[in-house]
Amino acid sequence: MREALLYEKLPDSRVRCQTCQWYCAINPGKTGVCHMYENREGVLYNLNYGLASAANVDPIEKKPLFHFHPGTLVYSLGGWGCNFHCADCQNWEIAMAEDVRRVSQEISPENAIKLTERNGCAGIAWTYNEPSMWFEYTLDGAKLAKKEGLYTVYVTNGYLSPEALDTIGPYLEAWRVDVKGFSDEFYQNLAKIKRWRGILEVAERAKNRWNMHVEVVTNIIPTMNDDDIQLEGIARWIHDKLGELTPWHVTRFHPAYNISHLAPTPLATLEKAYRIGKKAGLKFVYLGNVPGHASETTTCPGCAKPVVERRGYETWVTGLAGSCCRYCGANLNFRTAAQGGEKR
Ligand code: SF4
């Protein structure tokens, strides 16, 4: 347990948490929406500092991040809890957990860095659950990782507050964000989130203010976010605000949790999303959870040659020179060890 970094004290021992965009006002003895931050006599504590639900060595492509250190391994740490309660949650056992101490592995930030290096990983990712649920821990880990020359990744629902983003911004290199849909009704139905456009603003800030590498994922759920209006909205926003070279992953929904009655996403719907992304001007649209699909491979939009070939989680970097195509020199928006991708 650690005192939270970002909160303000209110009258009568109440506090306001500033870690994410809920900005919960919390009475003494109570927790916020996520159940992971608790007000104890006017002091806000994060309850799960260093308590991991999972620790694995993954290909970076599994996050998915396709234009960020392709072919490398990433040490992937999951904590507990979530500030969203999505009907399609794939990790609900850890995201909806409340009493976590009994079933956690305790991994200090120092140990996480040692394990990253010992396992031959090029970087570390906070993933599986929403990283802001143990924000203080990820910040300490990111600072150490940066000192050791390791890359750092958030796999996030994007609802971190701008204050928290600006705190971790100097130490974080990749922002893999879900943009789950593009309407008030959808976000309200899926996750009870009203101010979902804050997700877009923080993603833009991650890119523009902190020079993070950003990739966007949309899990396409039949009847919920598979209409042209939402898909066009997401594609246009990525193009206009993050740039045409930003990768968009459109992934197949598998029936889960509270909407297990819905069918998996038809391939035709994913291919429609692909066409919508391309029509909006995006250069890199990838279908996810469709092993063997041709879109797994990155093709240079300049000369049409394959530059990073993928089959499942196997990756061959064949045509990159730093961030660019080695055949025609086109900028392909890659961050690699050779290219550096140094933060401003
Ligand atoms: S992290 Fe978000 S949901 Fe949790 S207490 Fe803080 S503001 Fe509320």
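**Helix packing, domains and ligand shell in a predicted model**

Me: At what angle do α7 and helix α8 (residues 267–279) pack?
Reply: In this predicted model, the axes of α7 and helix α8 (residues 267–279) are 9 Å apart. The crossing of these two helices, α7 and α8, is right-handed. The angle at which α7 and α8 pack is about 45°.

Me: Are α7 and α8 parallel, perpendicular or oblique to each other, and why?
Reply: Angles under 35 degrees count as roughly parallel, and those from 65 to 115 as roughly perpendicular. The angle between α7 and α8 is about 45°. The two helices α7 and α8 are therefore oblique.

Me: Which residues of α8 meet α7?
Reply: On the side of α7, the contact is made by Asp228, Leu231, Glu232 and Ala235. By class, the contact of α7 with α8 comprises four nonpolar, one polar and two charged residues. The residues of α8 that take part are Ala273, Ile276 and Gly277.

Me: Why are α2 and α3 described as oblique to each other?
Reply: The axes of helix α2 (residues 109–118) and helix α3 (residues 135–147) come within 9 Å, in a right-handed crossing. Angles under 35 degrees count as roughly parallel and those from 65 to 115 as roughly perpendicular. The axes of α2 and α3 cross at roughly 50°, and the helices are therefore oblique.

Me: Which residues of α2 meet α3?
Reply: From α3, the contact draws on Tyr137, Asp140, Gly141, Leu144 and Ala145. The residues of the contact of α2 with α3 divide into six nonpolar, one polar and two charged. The partners in α2 are Pro109, Glu110, Ala112 and Ile113.

Me: Which residues does the cis peptide bond join?
Reply: Most peptide bonds are trans. Here a cis bond has an omega of about -10°, and Pro64 is found in the loop between β8 (54–59) and β9 (73–78). The residues joined by this cis bond are Lys63 and Pro64.

Me: What is the phi of Tyr128?
Reply: Most residues other than glycine have a negative phi. Tyr128, in the loop between β11 (123–126) and α3, is not a glycine, yet its phi is positive. The value for Tyr128 is about 75°.

Me: How many residues does domain 2 give to the contact with domain 1?
Reply: The protein chain is divided into domain 1 (2–46) and domain 2 (51–325), and their C-alpha centres lie 27 Å apart. Domain 1 gives 14 residues to the contact; by class these are eight nonpolar, five polar and one charged. The number given by domain 2 is 18.

Me: Which residues come nearest to the ligand?
Reply: There are 13 residues around the ligand. The shell divides into nine nonpolar, four polar and no charged residues. Those that come nearest are Cys17, Cys20, Cys24, Gly32 and Cys34.

Key: Residues numbered from 1 in each chain as written. Predicted model: local features only at pLDDT ≥ 70, side-chain atom pairs only at ≥ 80, totals over all residues. Near = placed C-beta within 6 Å. Nonpolar A, V, L, I, M, F, W, Y, C, P; charged D, E, K, R; others polar. Domains from an automatic or database assignment. Contact = placed C-beta atoms within 7 Å. Axes fitted to C-alpha atoms, helices over the stretch in contact; angles between N-to-C directions. Helix = DSSP H or I, 4+ residues; strand = E, 2+ residues; numbered from the N terminus. Parallel < 35°, antiparallel > 145°, perpendicular 65-115°, else oblique. Left-handed = near helix turned anticlockwise from the far one by under 90°.
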